[in-house]
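Please look at the sequence and the structure shown here, then read on.

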Amino acid sequence: MAAPNGQSGQIPVIDLSGPEQTVATKLVNAAATYGFVYIKSLGKDIPVEAIDSIFALSKKFFSSPIEEKERCKIQENNRGWVGMHAETLDPKTQRMGDFKEAMNLGGFLDGKAQQPLPPVFKDHEPELYAFQKYCQTMMNKILDLFAVGLEVSSPTEGSKYFSNRHGPEPTPCTLRLLHYPPLPPNIEIQPKVDIRAGAHSDYGSITLLFQRPGQPGLEILPPSSTTPLEWTPVPVFPLGTEPDPSPPILVNIGDLLSYWTNNLFKSTVHRVVFPAGGKEAVEDRYSIAYFGHPIGETVLEAVPSEKMMALAGKGDSGVKAMTAHEHLMSRLKATYLGMYKGEGDEKEK
């Protein structure tokens, strides 16, 4: 399924409170055409106050001394703090690592984090847990709507086909707080190779991205039949959402769900750049991402959906079975270079 004339058009904005079948069809069309969709943020699924509170906590964490953050440095389980330039999402293009830092929080069990927390989070564990549950619930809602839109024919699971595989507590999903600091004074960059987050596609099923007003920088490479492809800015407030109490939540398809749906759903390449090529990079950018991922033992096999195969234009599923863990490890090894050396025998993607 492609946009008319091969053009990307505008990423759709969808209100999840509409009629189920209508919303499900719109979501499937957006996933198959753009790989991205805006979900209106009106406080119905995730309270605006909860979003604002986690952003405030994120800012406080990233302002804390580096010694405190170092105690929670990222481990092989992909949990913890990632320092400046530690990630290189586009090693073929970038001169140096990403101009960002991040904090990865894994699933909670009985309301308790299953990893060391920095001092600034100690009194806010219930708040972080509540936000993680909000994100998990919204992710599952979208996954259920995908199953409805694809007419998944599972007699025992029905619309829960995807969400059932994203687990009980502790969830395998990741809540990631992100900080892109301004450029230091007297630093000159090469805009084409020195960017805040290198070009990449996400690893998992779907990602929920929360952004702040007045902090742009996200760009996508829209799926298109035309060449050359051009980077397209993604506004924080798309047309028509400016009066909303909070920027819409941006949802994108990850590699795993694209693979699982025989590439019907598009895992669109995206990046974060400095505003005006670095000439206006005097402000911080904060964002929050919730990376959905199935339970590691989940076997990625053909989705029982004749509609999916028909839309994909292929006579069979084309999906070679592998586990969700195997798929994830192949991507982590490519991003963190030496950290996962020798982990399993998966080939680099």
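Predicted model: local features only at pLDDT ≥ 70, side-chain atom pairs only at ≥ 80, totals over all residues.

Helix α2 covers residues 48-62, a run of 15 residues. From its first C-alpha to its last it reaches 22 Å, close to the expected 21 Å. Several residues of α2 are buried, including Val48, Ala50, Ile51, Ile54 and Phe55. Leu57, Ser58, Phe61 and Phe62 of α2 are buried as well.

Helix α4 comprises the 25 residues 125-149. At 1.5 Å a residue α4 should span 36 Å, and its end C-alpha atoms are 36 Å apart, so the two values agree. After α4 comes Glu151, which has a positive phi, near 55°.

**An open sheet**

Four strands make up an open sheet with antiparallel pairing, in the order β8-β13-β10-β11. Strands β8 (197-200) and β11 (232-233) stand at the edges; each has a single partner strand, so one side of each is left without a neighbour in the sheet. The antiparallel strands β10 (residues 218-220) and β11 are joined by two bridges. Ile220 has Thr232 in β11 as its bridge partner.

**Aromatic contacts**

The count of aromatic pairs comes to nine.

| Pair | Distance between ring centres | Angle between planes |
|---|---|---|
| Phe61 and Phe121 | 5.2 Å | 35° |
| Phe108 and Tyr129 | 5.4 Å | 40° |

Which parts of the chain does the pair of Phe61 and Phe121 tie together? Phe61 lies in helix α2, and Phe121 lies in the loop between β6 (112-113) and α4, so the pair ties together parts that are 60 residues apart in sequence. Phe61 counts as buried because its relative accessibility is 0%. Phe121 is likewise buried, with a relative accessible area of 0%. Ring pairs also bring Phe62 into a cluster with Phe61 and Phe121.

The rings of Phe108 and Tyr129 form a tilted pair. This pair links distant parts of the chain, with Phe108 in strand β5 (residues 108-109) and Tyr129 in helix α4, 21 residues apart. Phe108 is buried at a relative accessible area of 1%. Tyr129 has a relative accessible area of 15%; the cut-off for buried is under 20%, so Tyr129 is buried too.

One further contact involves a charged side chain and a ring. Arg165 lies over the face of Tyr161, at 4.2 Å from the ring centre.

Methods. Residues numbered from 1 in each chain as written. Heavy atoms only, no water. Expected span 1.5 Å × (residues − 1). Buried < 20%, exposed > 50% of the residue type's maximum accessible area, 1.4 Å probe, protein only. Pairing = 2+ DSSP bridges. Phe/Tyr/Trp six-rings, centres within 6.5 Å; stacked < 30°, edge-to-face > 60°. Lys NZ or Arg CZ within 6 Å of the ring centre and 35° of its normal.
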